[in-house]
Amino acid sequence: LLNNSGAEIKTSELSCKKGSVIGLYFSAHWCPPCRAFTPKLATVYDEIKKAGHDFEVVFVSSDRSEKDFKSYHGEMPWLAIPHDNEEEKDACSEKYSITGLPTFVLVDGETGETITTDGRDVVGEFGAAGFPFTDARLEECKKEKEAKKSKALAEMGPLSFIGPLTKVSDIEIEMSAQDVLSSSETVALAFMAGSNDRGTSVVLPKLLDCQSTLGKDKLGVILIPLVKMESFGEDLKKKLGDTAMVKPGEKADEIVKKFEVVSSDIE
């Protein structure tokens, strides 16, 4: 194996003690989802190592050239199978039936048994807290996550931290969040990211159509901007009109942080 400085590391140096875990990371720099996942995995890797756990990752590259491989591996804090060792890389891909990138396989370091071939999803959902990524630990993580979520929801109470509000059409106007919360059976909190964001430009008008059909007494809408209002085109602003909105800036950022416990993928 090679470390990210290019120095040779013997495979026999990988830990095979009880409790050790080895991850095989099938990836390539030309693959956009790989480039998105690599920094997330690196953060989790560092957290697990700092916690003192017996964990190592081996990069199995599908890069087209030695240069691309070295450049990409240089961004990673873990080991790799040499780029020119096609036999070993192919053997790994065949053993774990790799059909797409990125794929992250987690293996028990002591027994060599596969813990999961869905390491990408597991790491994405549970992060370092999921180590050693066994079914039992992940079940505990799910319970911990639900408990944390329930606690966060309970602490939100009547959502008093949402206000004060304004209107999209005139951000100088100040409104009470309680006016919306108390006058509607259900309130949708819509996190929005500007006219160039498909989720914002397509979904929000549909949400307002639902509100128009049901009536504001049935469905209230409070918009929470993730970007400055300059990112919203005039057409979208016109559609949003007098919809209640949290003022952009620090207040909106605080609300996002509150809700990240409830929904970790607000974007």
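This is a predicted model: local features need pLDDT of at least 70, side-chain atom pairs count only at pLDDT 80 or more; totals for chains, interfaces and linings use all residues.
Biologist: Let's start with Phe 133. Why is it called buried?

Modeller: Buried means under 20% relative accessible area. Phe 133 has a relative accessible area of 1%, so Phe 133 counts as buried.

Biologist: And what makes Ser 97 exposed?

Modeller: The cut-off for exposed is over 50%. Ser 97 has 57% relative accessibility, so it counts as exposed.

Biologist: Okay, what is it about the phi of Ser 97 that you'd point out?

Modeller: Phi is near 50° there, a positive value in a residue other than glycine. You'll find Ser 97 in the loop between H3 and E4. Phe 133 has a positive phi too, about 70°, and it isn't a glycine either. That residue is in the loop between H4 and H5.

Biologist: Which residues are joined by cis peptide bonds, and what is omega there?

Modeller: Pro 102 sits in the loop between helix H3 (86-95) and strand E4 (103-108). Another joins Phe 131 and Pro 132, with omega about 10°. Look for Pro 132 in the loop between helix H4 (119-126) and H5.

Biologist: Now helix H9, residues 250-260. Which of its residues are buried?

Modeller: Ala 252, Ile 255, Val 256 and Phe 259.

Biologist: How do you know that they're on the same side of H9?

Modeller: They cover an arc of only 100° around the axis, which puts them on the same side. Here's the background: an α-helix has 3.6 residues a turn, so residues three or four places apart point the same way.

Biologist: Which residues are exposed on the other side of H9?

Modeller: Glu 250 and Lys 257.

Biologist: And what do the buried residues of H9 pack against?

Modeller: Helix H5 (135-156), plus strands E7 (186-192), E8 (219-225) and E9 (244-246).

Biologist: H5 also meets H4. How do you describe that pair?

Modeller: Two packed helices are described by the angle between their axes and the distance between the axes. The axes of H4 and H5 come within 11 Å and cross at roughly 30°. The crossing is left-handed. On H4, the contact is made by Val 122, Glu 125 and Phe 126, and on H5 by Leu 138, Cys 141, Lys 142 and Lys 145.

Biologist: What classes of residue make up that contact of H4 with H5?

Modeller: Four are nonpolar, three are charged and none is polar. Glu and Lys count as charged, so Glu 125, Lys 142 and Lys 145 go in that class. Val, Phe, Leu and Cys count as nonpolar, so Val 122, Phe 126, Leu 138 and Cys 141 go there.

Terms used
Residues are numbered from 1 along each chain as its sequence is written. Side-chain values use heavy atoms; hydrogens and water are left out. Buried means under 20% relative accessible area, exposed over 50%, partly exposed in between (1.4 Å probe, protein chains only). Helices (H or I, at least four residues) and strands (E, at least two) are DSSP runs, numbered from the N terminus. The arc is that of the directions from the helix axis to the C-beta atoms. Contact means heavy atoms within 4.5 Å. Axes are lines fitted to C-alpha atoms, for helices over the stretch in contact, and angles run from 0 to 180 degrees between N-to-C directions. A crossing is left-handed if the near helix is turned anticlockwise from the far one by less than a right angle, and right-handed if clockwise.
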